[in-house]
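The exercises below concern pockets and helix packing in one protein model. Work through each task with the sequence and structure at hand, then compare with the solution.

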Amino acid sequence: MANVRLENITRRYQNVTAIENISFKIPEGEFWVLVGPSGCGKSTIMRTIAGLETATSGNLYIGDNLVNNIPARQRDVAMVFQNYALYPHMTVAENLAFGLRMRNVEQSKIQERVEAVARSLSIDLLLNRKPKQLSGGQQQRVALGRAIVREPKVFLLDEPLSNLDAQLRDDTRAELKLLHQRLGITTIYVTHDQVEAMTLADKIVVLNRGIIQQIGDPHSIYAKPANRMVATFLGNPAMNILPAIYANGSFQVGHQSLACPPSIQKKLQPREGQGFDLGIRPEHIEVFPKSTTENDDFKSDLWALEKVPLEVEVKVVEPLGRETLIRVGLPLLDGETIVQVLIPASVRLRSGDRLTVQLDFNQLFVFDPATGEALYP
Ligand code: ADP
């Protein structure tokens, strides 16, 4: 086990900057996930740590050692890629043993380690099979086993689950977490899948266009995203973004007006009359049949709850089983925007229904529309 430290790592290819000024320190034994959309630089960071790429500038430390000029095979890191290639002519046992043989480890020791790793991954009954006699999930576990058996200081996993079908991916994800709890090897995991990031990570590093957007534990990143990109990337279905103008203590969304709680007013006062992006997660919007808000008593209750009504039209209804996702059209000055809302499965709606939705202002985010920076909370 070892800690891993990146100091201002930049990697340029001719005129493309793949990653810029990447700095973080992963304490020994932690599980960190690098997440972001395709092309954000995740694999470049991973390959730089593995020694398969050379940084244009910056320093990389594994443990106390500066490893910038240390070749990959001497770095004591093990990497599993999305396209893990098992040797097809070798059995599972031979595949697991291969890396140790190449390092001239004693035969008795090899057998001992292969058996232990196979047991920990529940592939011990498959040791005599060839890869083509295994399911995708079993093959993936062998690929993981082949990396673990070397007892590396650092474990690098680059989209290791993306070739598996949904159910198997969920199961293998949980197995990986258990495995990490048991072995405690410092692990860096790359994915574009925010669910994997949230479920696996001690810390998440969110990347966009080669730049770190935010580093934090899953709960704090979800609760307090640094900017609109992070806010909309983590969470499924994604956070809604509504363009609004702040004036006279209210947000104008299209022709509709939302009274703003004092805490938000205080923050936005200096920017009276300007545009903002409001962020609200689909689980923080409530829906009511349109007719209910025509009742004034009901309306005054809503203000007390710091919730404000907006009138919308249902476009698409997607039952998910435990709950239902609806997409509603919210009129803007030019056209409309689609807002996703999660509602209880018991509420039956149809495309074309007109509704009132209420945003929970205790769960509202406000972003600068130009920079995306989070301004509230
Ligand atoms: P990710 O793993 O997040 O999908 P990558 O690290 O593979 O992203 O790539 C980051 C950026 O660097 C992308 O814009 C990609 O096109 C660019 N890039 C990666 N490798 C090369 C290369 N060998 N030559 C030129 N550009 C590259």
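**Exercise 1.** Identify the element that gives the most to the lining of the second largest pocket, and describe that pocket.

Solution. Helix α6 (residues 194–200) contributes most, with three residues; helices are DSSP runs of H or I with at least four residues, strands are E runs of at least two, and both are numbered from the N terminus. The model is predicted: local features need pLDDT of at least 70 and side-chain atom pairs pLDDT 80 or more, while totals for chains, interfaces and linings use all residues. Residues are numbered from 1 along each chain as its sequence is written, and side-chain values use heavy atoms, without hydrogens and water.

Next, list the lining: Gln194, Val195, Met198, Tyr222, Gly235, Asn236 and Pro237. A pocket is an open set of points on a 1 Å grid over the protein atoms alone, where a 1.4 Å probe fits, with protein on both sides within 12 Å along at least five of seven lines; lining residues have an atom within 4 Å of a point. The volume is about 150 Å³, taken as the space filled by probe spheres set on points joined across faces, edges and corners.

Finally, sort by class: four nonpolar, three polar and no charged residues. Ala, Val, Leu, Ile, Met, Phe, Trp, Tyr, Cys and Pro count as nonpolar, Asp, Glu, Lys and Arg as charged, and the others, Gly among them, as polar.

**Exercise 2.** Determine how α4 is oriented relative to α5, and which residues meet.

Solution. The axes of α4 and helix α5 (residues 166–183) come within 11 Å and cross at roughly 20°; axes are lines fitted to C-alpha atoms over the stretch in contact, with angles from 0 to 180 degrees between N-to-C directions. The two helices are therefore roughly parallel (under 35 degrees; over 145 is roughly antiparallel, 65 to 115 roughly perpendicular, the rest oblique). On the α4 side, Gly136, Gly137, Arg141, Leu144 and Ile148 make the contact (heavy atoms within 4.5 Å), with Leu168, Glu175, Leu176, Leu179 and Leu183 on the α5 side. This contact has six nonpolar, two polar and two charged residues.
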